[in-house]
Amino acid sequence: MEFKDNEAIYLQIAAFVCDQILMGKWPADQKIPSVREMAVELEVNPNTVMRSYEFLQGLEIVYNKRGLGLFVAADGFAKVKAYRKQNFVRQNLPELFKNMYLLDISITEISEQYRQFQMSQPSITPQHNQDENK
């Protein structure tokens, strides 16, 4: 994993874990890699991974089973999605809107580009559809 300079490494690791959950690689109630395993895999200090895991526990995306390790919460997928959506709206949308305004890009143009993007994506899993209907 290549880390970006403009964001704390523990947040990038937390984002990686969230990506695994959103992609369905780590489903609900599945054990996630231990702090040491993740530290070795990502070539970072175990304390940094521990900070990431504590952050995710605070968001109730993962939970600890004493003596067994950390597991994805039953509603981990929904919580990751809600957290990511909140961050996107707060951090990315203002910049997107600013650029649309400065470059005179209409919402219709964006909508068409998004429609084309959706058509190029693989079909959505049932879990994604279920969460969209809530």
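Author: Let us begin with a term for how much of a residue lies open: a residue is called buried under 20% relative accessible area, exposed over 50% and partly exposed in between, with a 1.4 Å probe and protein chains only. The model is a predicted one, in which local features need a pLDDT of at least 70 and side-chain atom pairs count only at pLDDT 80 or more, while totals for chains, interfaces and linings use all residues. Residues are numbered from 1 along each chain as its sequence is written, and side-chain values use heavy atoms, leaving out hydrogens and water.

Helices (H or I, at least four residues) and strands (E, at least two) are DSSP runs, numbered from the N terminus. The protein chain has six helices and two strands, which follow each other along the sequence in the pattern α-α-α-β-β-α-α-α. Of its 134 residues, 26% are buried, and the C-alpha trace spans about 55 × 35 × 25 Å along its principal axes.

Helix α1 covers residues 9-22. The expected span of a helix is 1.5 Å times one less than its number of residues, and α1, with 14 residues, reaches 20 Å from its first C-alpha to its last, close to the 20 Å expected. Ten of these 14 residues are buried, so that the helix is mostly covered; among them are Y10, I13, F16, V17, I21 and L22. An α-helix has 3.6 residues a turn, so residues three or four places apart point the same way. After α1 comes G24, whose phi is positive, near 80°.

A salt bridge is a side-chain nitrogen of Lys or Arg within 4 Å of a carboxyl oxygen of Asp or Glu, and the whole structure holds five of them. In one of these, the side chains of D19 and R84 meet with N and O 2.7 Å apart. This bridge links distant parts of the chain, since R84 belongs to helix α4 (residues 76-103) and lies 65 residues from D19 in α1. D19 counts as partly exposed at 30% relative accessibility, and R84 is likewise partly exposed, at 28%.

Rings of Phe, Tyr and Trp (its six-membered ring) pair if their centres lie within 6.5 Å, and planes under 30 degrees apart count as stacked, over 60 as edge-to-face and the rest as tilted. The structure holds five aromatic pairs. One of them joins Y10 and F55 edge-to-face, with 6.0 Å between the centres and 85° between the planes. Here too distant parts are linked, with Y10 in helix α1 and F55 in helix α3, 45 residues apart. Y10 is buried at 17% relative accessibility, whereas F55 is partly exposed at 23%. Ring pairs also bring in Y83, so that Y10, F55 and Y83 form a cluster.

The side chains of E60 and K79 meet in a salt bridge of 2.7 Å, N to O. This pair joins the loop between α3 (46-58) and β1 (62-65), where E60 lies, to K79 in helix α4, 19 residues away. K79 also bridges to D75, with the closest N and O atoms 3.6 Å apart, and D75 is partly exposed at 37% relative accessibility. Because these bridges share partners, E60, D75 and K79 belong to one network.

Finally, a word on confidence: pLDDT is the predictor's confidence in each residue, from 0 to 100. The protein chain averages 91, and 92% of the residues score at least 70. Among the elements, α3 has the highest mean pLDDT (98), and helix α6 (residues 126-132) the lowest (47). Where pLDDT is low, the predicted coordinates should not be read in detail.
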